[in-house]
Amino acid sequence: MRRLFIYAAALAILASANSCDSGFEEVNKNPVLATDIDPIYLFSNAEFSSAIATQNYQMQIVQQINTPYTGVVEGGNHNALSDPNSNANFNSLYLQNGPVNLLTTVIAKTKDDPARSNLYNMSRIWKAYVFMVLVDTYGDVPYSEAGKAFLEGINLPKYDDQKVIYQDLIKELQEGTKALDASKPVEPGDLFFKGNIAQWKKLGNSLLLRAGMRYSKIDPATAKSVVAIALDPANGGVQSSNADNAYIAFNSTFNHPLAGYFQGTERGNVYMGKAFIDFLKTSGDPRLQVIAVKYEAPSNPLATAGAENTTPADQEGMPYGYNESTIVNAPGFPGKIGSAFKYSQINRRTLGKIDAPEFFITWSQTLLLQAEAVQRGWATGNVKELYEAGVRAHMSQLPTYDVLATIPAASQNAFLTANPFVPAKALEQINNQYWISSFLNGSEAWANFRRSGFPTLPINNYPGKDPSVKDFIKRLVYPVRERSVNEANYNEAVARMGPDELGTPVFWDK
C-alpha cells in the first residue's frame with residue numbers, strides 16, 4: 001500500500017508540473033517585443049554608419065588638413081605609426097553594428113525573397129563601396145568570411161587576396177546594378193534616394209566607373225573594359241546631377257563624425273594644409289573663401305571662434321614636417337594667438353559644421369573620372385566640357401553644407417576663364433580638381449592621389465617618420481588586436497601581400 005501511495009503521489013506531482021509548463025512559452029513571451037527586424041532598417045543603418053572619421057591619416061597624407069601635434073592626433077602629419085588612428089577604418093567598418101555585418105545580414109535575409117530583390121541588390125552595391133574603402137586602405141582584408149559570426153559562426157575570418165576581392169566587387173556592381181528593377185517594390189527607408197531605382201542604377205555605375213579607374217596604372221585593358229560597361233547608357237548611366245550624390249545629411253542630434261574634431265576640444269589644434277591653401281590661392285579659386293578662415297585676436301580660437309577673416313589673400317596653410325615645438329622654425333611662421341597658431345582653419349560656419357553632410361560618391365567626382373577616361377581613349381566625349389562640368393558640379397555642391405558656401409555662377413565662370421583647360425596638362429588638371437572635389441572625403445582623396453599621382457605634393461620629411469615611408473604613406477597597418485586575436489589569418493595575409501607597413505602599396509598602386 002505504501003508503494004502504491006508513493007507512486008500515486010509522484011504521478012500527481014508530475015501532472016502538476018506538466019500543468020504548470022502548459023502554455024509556458026506563450027505566457028512568458030513579450031507581446032510587444034520584436035522577434036525579427038525589417039532588413040531595410042539594417043540597410044539604412046549601414047548607410048549611416050559608413051560615414052567615418054578619416055582625418056588623422058587620409059586627409060593629412062593628401063595635405064588638406066594638418067596638425068603639428070604628436071600623441072592622440074598623430075598619424076599622417078608625421079608619417080608615423082599610430083594604432084588608434086590607423087585602425088579607425090577597420091574597426092568602424094567591421095564593427096558589430098557596422099556596415100559589413102549589417103549588409104551581410106541584409107543580403108542573407110533578402111537573397112531568396114523576390115519582394116525584396118531591390119533591397120538585396122542595393123545592399124550588394126553598397127557593400128562593394130564599403131569593401132573598396134577597406135581594400136584601398138589596408139590591402140588584403142576579410143571578405144568572403146566577413147560579417148558571418150552570427151550567421152555561420154565564423155569569428156576569425158580569413159583575409160582574402162585584395163586582387164580577388166576587387167574582381168568580385170566589380171562583378172557584384174555589374175550584377176547588382178543590372179538586376180535593379182523599378183517594377184518591383186522600392187525601399188523608401190533608403191537614406192540616399194528613398195529607394196529610387198534610377199538613381200541607384202546611376203550610383204552603381206558611378207561606383208563601377210571608380211573601380212575601373214583604379215586599374216589605370218596596373219591594367220589599362222581591364223580599366224577600359226570596366227569603364228565601358230559603367231558608361232554604357234543602356235545600363236542606366238552614371239550620376240547626372242548633384243541630386244544623384246550619395247551622402248548622409250547629419251543634424252544637431254546626429255552629428256557629423258568630424259564634429260568633435262572641428263568644433264570640439266581639438267578645434268584649436270586643427271589647421272588647413274599649406275599645399276591645399278596655396279593651390280586654391282594661386283588659382284584664385286572662389287572655394288577658398290568659403291572653406292578656410294582665420295580666427296583672429298582678441299579671441300583665442302582654442303576657446304572661442306574669434307573674429308572671422310575669410311579674405312583669400314590672408315589665408316595661410318600649415319606646412320608639414322614639423323611638430324608643436326619645431327613649427328615656430330617653419331618659413332614664414334605667422335605667430336600665435338595665445339596657445340593656438342595663426343594658420344587658417346576650416347570654416348566652422350560652412351564645411352566644418354557639426355551637421356555637415358558626408359559625401360561618398362558625387363557627380364563632380366564622376367564627371368572628372370569620365371573626363372580622364374575620355375582623355376585616355378577609354379570613352380567618348382569632350383574632355384574640356386566634362387572637366388569644366390566637374391569643377392562647376394563641386395562648386396554647386398557646396399551649398400549643401402550651408403547657404404554661406406554658395407559659389408555664384410559668375411564666380412564659377414570667372415575661375416574657369418582665368419584657369420583654362422590645357423589639353424597637354426589634362427590628367428594633371430583633372431586630378432588636381434578631383435583632389436579639391438574630394439575635400440573631406442579623405443579615403444577617396446587619398447586613393448585617387450595614389451592612383452593618379454596628382455596633385456604634385458611636397459614630400460613630408462618629418463625627422464621621426466616611419467622608415468618604411470619613402471615618399472608618401474601607401475596603406476595603413478592592421479589593428480594591433482588582429483595580430484594577436486586573428487594571428488594565423490593575419491600572418492597568411494602579410495606573407496601574401498608584403499610587410500604590414502605604411503610603405504607597402506596596395507595592388508593597384510604598384
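On a 1 Å grid over the protein atoms alone, a pocket is an open set of points where a 1.4 Å probe fits, with protein on both sides within 12 Å along at least five of seven lines, and its lining residues have an atom within 4 Å of a point. The model is predicted, so local features need pLDDT of at least 70 and side-chain atom pairs count only at pLDDT 80 or more, while totals for chains, interfaces and linings use all residues. Residues are numbered from 1 along each chain as its sequence is written, and side-chain values use heavy atoms, with hydrogens and water left out.

**Stop 1: the largest pocket**

Select Tyr94, Gln96, Asn101, Gly147 and Ala149, which lie nearest the centre of the largest pocket among its 25 lining residues. Two or more lining residues come from each of helix 6 (88-93), helix 7 (99-110), helix 9 (149-152) and helix 21 (480-485); helices are DSSP runs of H or I with at least four residues, numbered from the N terminus. The space amounts to about 650 Å³, a volume being what is filled by probe spheres set on the points, which are joined across faces, edges and corners. The lining has 13 nonpolar, eight polar and four charged residues. Here Ala, Val, Leu, Ile, Met, Phe, Trp, Tyr, Cys and Pro count as nonpolar, Asp, Glu, Lys and Arg as charged, and the others, Gly among them, as polar.

**Stop 2: the second largest pocket**

Next select Thr104, Ile107, Lys127, Lys148 and Glu172, the closest to the centre of the second largest pocket of the 16 residues that line it. Its volume is about 330 Å³. Helix 7, helix 8 (117-138), helix 9 and helix 10 (162-179) each give two or more residues to this lining, and helix 8 has the largest share, four residues. By class the lining holds seven nonpolar, two polar and seven charged residues.

**Stop 3: helix 7 against helix 8**

Show helix 7 and helix 8 together: their axes lie 9 Å apart at an angle of about 155°. Axes are lines fitted to C-alpha atoms over the stretch in contact, and angles run from 0 to 180 degrees between N-to-C directions. The two helices are therefore roughly antiparallel (over 145 degrees). Contact (heavy atoms within 4.5 Å) involves residues including Leu103 and Ile107 of helix 7 and Trp126 and Phe131 of helix 8.

Definitions and conventions: Parallel < 35°, antiparallel > 145°, perpendicular 65-115°, else oblique.
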